[in-house]
Amino acid sequence: MIESLLVANRGEIARRIIRTAKRLGVRAITVHSEADTDLPFVTEADQAICVGPANPAQSYRNAEAILAAAESTGAQAIHPGYGFLSENADFARAVEAAGLIWVGPDADAISAMGDKINARNLMTAAGVPVAPGTTEPAADLPAARAAAAEIGYPVMVKAAAGGGGMGMGVAVDEAALDSEYDKVRAFAERMFGDGSVLIERYFPRVRHVEVQILGLADGRVVALGERECSVQRRNQKLVEESPSPAVSPELRTRLLAAAVRAGEAVTYRNAGTVECLLDPTSEEFFFLEMNTRLQVEHPVTELVYGLDLVEEQLRVAAGLTPTFDPDALTPRGHAIELRINAEDPKRFLPGPGVVQTWVEPTGAGVRVDSGYVAGNTVTPFYDSLMAKLVVDAPTRAEAIDRARAAVAGFALAGPKNNLPFFAELLENPEFVSGDYDTGIVSRMR
């Protein structure tokens with residue numbers, strides 16, 4: 001096993017990785033910004049190094065400072081978590097060039113799947129269903145118009161280098177396309193340094209379902225079930241559950257097989273996620289993108305399959321066999337994750353502030369992966385995620401009941417938070433029935 005691990009991230013995911021590392025006897029090192037000095041992940045690590053000011057570009061995205069921290073602390077490996085540098089192929093190459101172990105897929109796989117157009121083309125070649133769309137960037141507005149006319153409205157206008165629900169817009173006609181194309185292109189250039197835009201078919205009623213894959217050290221790719229991610233605001237997830245209430249056994253077989261083919265197409269190693277759009281009526285699904293990292297929502301898979309994905313990541317990176325038998329994976333029960341964000345529960349606008357009260361719910365089937373405690377400050381410099389409230393139970397109905405009780409038992413004061421939204425959602429007949437889609441939040445508002 002790896003002996004020392006530097007976590008190149010912050011908040012709840014850094015704390016969660018540190019927890020597994022320490023359980024395994026791995027020396028846990030973390031980097032942090034000046035704004036995060038007092039957060040739990042810093043104090044719980046065996047060693048912590050400040051790598052810069054609050055601005056992420058000068059700290060958590062500062063590759064040189066992170067590599068220098070790894071060298072000065074004698075770290076053997078780097079785990080990037082999610083976000084920041086986790087899907088940066090150049091950083092992955094730099095880590096390995098420095099003689100360190102990269103806990104993630106290799107840089108070639110990151111590069112191959114990081115460009116959405118290239119990823120779509122690779123998946124088509126691998127026999128993975130892909131929604132109708134462009135096979136190369138729409139170089140200008142006339143090209144976008146021609147593509148949209150061929151595909152048929154409505155269309156999704158997307159940043160080819162984007163991710164996490166950012167850099168996307170829907171166009172229902174040519175006038176809307178003109179506006180969305182300019183907005184997405186400008187956003188993509190500003191956020192990703194790449195203004196490439198793709199056009200693909202937009203499905204008004206669709207579900208967002210993803211498959212957790214794990215590329216093993218021996219070369220095999222295995223699928224660890226699917227997750228339902230259709231409760232979203234602004235194309236960003238709020239709730240995830242596993243298994244999906246929309247996926248039949250026959251569909252699950254097809255979906256998981258396609259995800260394995262996707263991983264095999266890029267010789268995938270370590271943890272990753274194949275995201276798909278699902279038409280709940282026809283049971284057709286289409287490849288959306290591959291996230292070449294650990295997902296925010298990985299705990300629901302852990303609870304359903306009874307494993308620790310961070311431990312599995314470390315084992316793959318170290319060239320070890322998994323803790324489970326890949327030929328005897330058996331899911332059990334149902335798990336639901338709620339993302340507790342520092343944002344108002346109506347319009348979902350950020351609401352940072354000092355955490356005055358923080359008392360987490362406890363009990364059977366309740367797990368909280370948190371990044372804060374009372375007295376900490378949620379700053380405006382980073383993502384608004386404060387914690388993930390995760391429950392599991394033998395059935396979906398029982399999991400919903402546990403989630404209701406856990407939301408009611410979470411005492412949180414100070415920053416604005418979306419706990420009231422979850423209390424509302426968990427009573428919503430559409431969600432409770434399991435027959436919902438990506439428009440559920442807009443219908444509630």
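This is a predicted model: local features need pLDDT of at least 70, side-chain atom pairs count only at pLDDT 80 or more; totals for chains, interfaces and linings use all residues.
**Entry 1: helix α12 and its neighbours**

I started with what the buried residues of α12 pack against: β11 (236-242), β14 (334-341), β17 (366-370), β19 (385-393), α13 (419-425) and α14 (429-433). Contact here means heavy atoms within 4.5 Å. Helices (H or I, at least four residues) and strands (E, at least two) are DSSP runs, numbered from the N terminus.

Residues are numbered from 1 along each chain as its sequence is written, and side-chain values use heavy atoms, with hydrogens and water left out.

Next I looked up which residues of α12 are buried, and got R396, A399, I400, A403, A406 and V407. Those buried residues fall within an arc of 125° seen down the axis, so they line one face of α12. The arc is taken from the directions from the helix axis to the C-beta atoms. On the other side of α12, I found A397, A405 and A408 exposed. Buried is under 20% relative accessible area, exposed is over 50%, and partly exposed is in between (1.4 Å probe, protein chains only).

**Entry 2: cysteines**

I then searched the whole structure for disulfides (pairs of cysteine sulfur atoms within 2.5 Å) and found zero. For C229, the nearest cysteine sulfur is that of C276, 11 Å away. I noted C229 as buried because its relative accessibility is 0%. C276 counts as buried too, at 4%.
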